[in-house]
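Here's a quick briefing to read alongside the model. Have the viewer open and follow along topic by topic.

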Amino acid sequence: MKSCTLCLLPRPAEEKTCAICGCEEFGAEKTELGFADRLIGENLLGPAYQAIETSVAQGREDTDCVLQLAWLAYSFRDFRAVEIWCHEGLRLGADSAEPHLLLGLVLARGERWVEAVEEFDAALKKPGLLLERRAVLETLRAGAYANVPEW
Ligand SMILES: [Zn+2]
């Protein structure tokens with residue numbers, strides 16, 4: 001199953017625009033998918049959200065599954081839930097760039113450009129960022145920065 005370049009989640013082979021984040025670029029095949037990943041890849045996003053949320057409620061909580069919940073909430077346009085899950089992601093994995101990336105996207109949607117740039121900057125400062133991910137973040141940052149009004 002292919003994966004989306006922005007949200008990194010598995011997507012159906014025939015999809016042209018990611019139903020979760022709106023990205024139109026896809027990359028590496030994902031193998032060894034877990035149950036929730038398979039649901040996400042088949043676009044069963046509601047059931048996937050429920051499955052992951054149940055697992056989190058039972059104490060199996062890590063940065064990855066919290067981030068999956070955040071992206072799914074993003075696809076449901078539930079931006080309050082996106083923020084909650086992103087902050088939980090930062091609590092669990094302070095070195096992860098991903099919650100900052102997603103928070104930046106939410107802020108950019110709300111045209112809060114200065115705060116969006118701050119989130120992308122925070123993401124870019126995280127250690128161990130892959131080159132590909134850095135490129136994605138720099139593109140997002142440039143897009144938000146271009147909208148910051150000049151004083
Ligand atoms: Zn996506």
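Some 36% of the 151 residues in the protein chain count as buried, where buried means that 20 or more other C-beta atoms lie within 10 Å of a residue's own, exposed means 12 or fewer, and partly exposed is in between, with C-beta atoms placed from the backbone. Bear in mind that this is a predicted model: local features need pLDDT of at least 70, side-chain atom pairs count only at pLDDT 80 or more, and totals for chains, interfaces and linings use all residues. Residue numbers start from 1 along each chain as its sequence is written.

**Overall layout**

- The protein chain has seven helices and three strands, taken as DSSP runs (H or I of at least four residues for helices, E of at least two for strands) and numbered from the N terminus.
- Going along the sequence, the order is β-β-β-α-α-α-α-α-α-α.
- The radius of gyration is 15 Å, close to the 15 Å from the globule rule for 151 residues, so the protein chain is as compact as a globular protein of that length; the radius is taken over C-alpha atoms, and the rule is 2.2 Å times the number of residues to the power 0.38.
- Along its principal axes, the C-alpha trace spans about 50 × 35 × 30 Å.
- Take the contacts between residues at least 6 apart in sequence: 42% of them join residues at least 24 apart, a contact being two C-beta atoms, placed from the backbone, within 7 Å.

**The core**

- The largest nonpolar core has 41 residues, and C7, L69, A70, W71, V82 and L102 touch the most other members; such a core is a set of buried Ala, Val, Leu, Ile, Met, Phe, Trp, Tyr and Cys residues joined through C-beta atoms within 7 Å.
- Elements giving two or more residues to this core are α1 (35–41), α2, α3, α4 (79–92), α5 (98–109), α6 (113–124) and α7 (131–145).
- Helix α3 gives the largest share of this core, nine residues.
- Leaving out neighbours within four places in sequence, A70 contacts V82, W85, C86, G89, P99 and L102.

**How α2 meets α3**

- Helices α2 (residues 45–57) and α3 (residues 63–75) pack at about 145°, their axes 10 Å apart; axes are lines fitted to C-alpha atoms over the stretch in contact, and angles run from 0 to 180 degrees between N-to-C directions.
- On the α2 side, L45, A48, Y49, I52, E53, S55 and V56 meet C65, V66, Q68, L69, L72 and S75 of α3.

- G104 sits in helix α5 and counts as buried because 27 C-beta neighbours lie inside 10 Å.
- Not counting residues up to four places away in sequence, G104 touches A116, E119, F120, A123, L140 and A144.
- V114 belongs to helix α6 and is exposed, with 12 other C-beta atoms within 10 Å.
- V114 and L103 are eleven residues apart along the chain, and their C-alpha atoms are separated by 12 Å.

- L8 isn't a glycine, yet its phi is positive at about 65°.
- You'll find L8 in the loop between β1 (2–4) and β2 (10–11), and it counts as buried, with 22 C-beta neighbours inside 10 Å.
- N43, also a residue other than glycine, has a positive phi near 65°.
- N43 lies in the loop between α1 and α2 and is partly exposed, with 14 other C-beta atoms within 10 Å.
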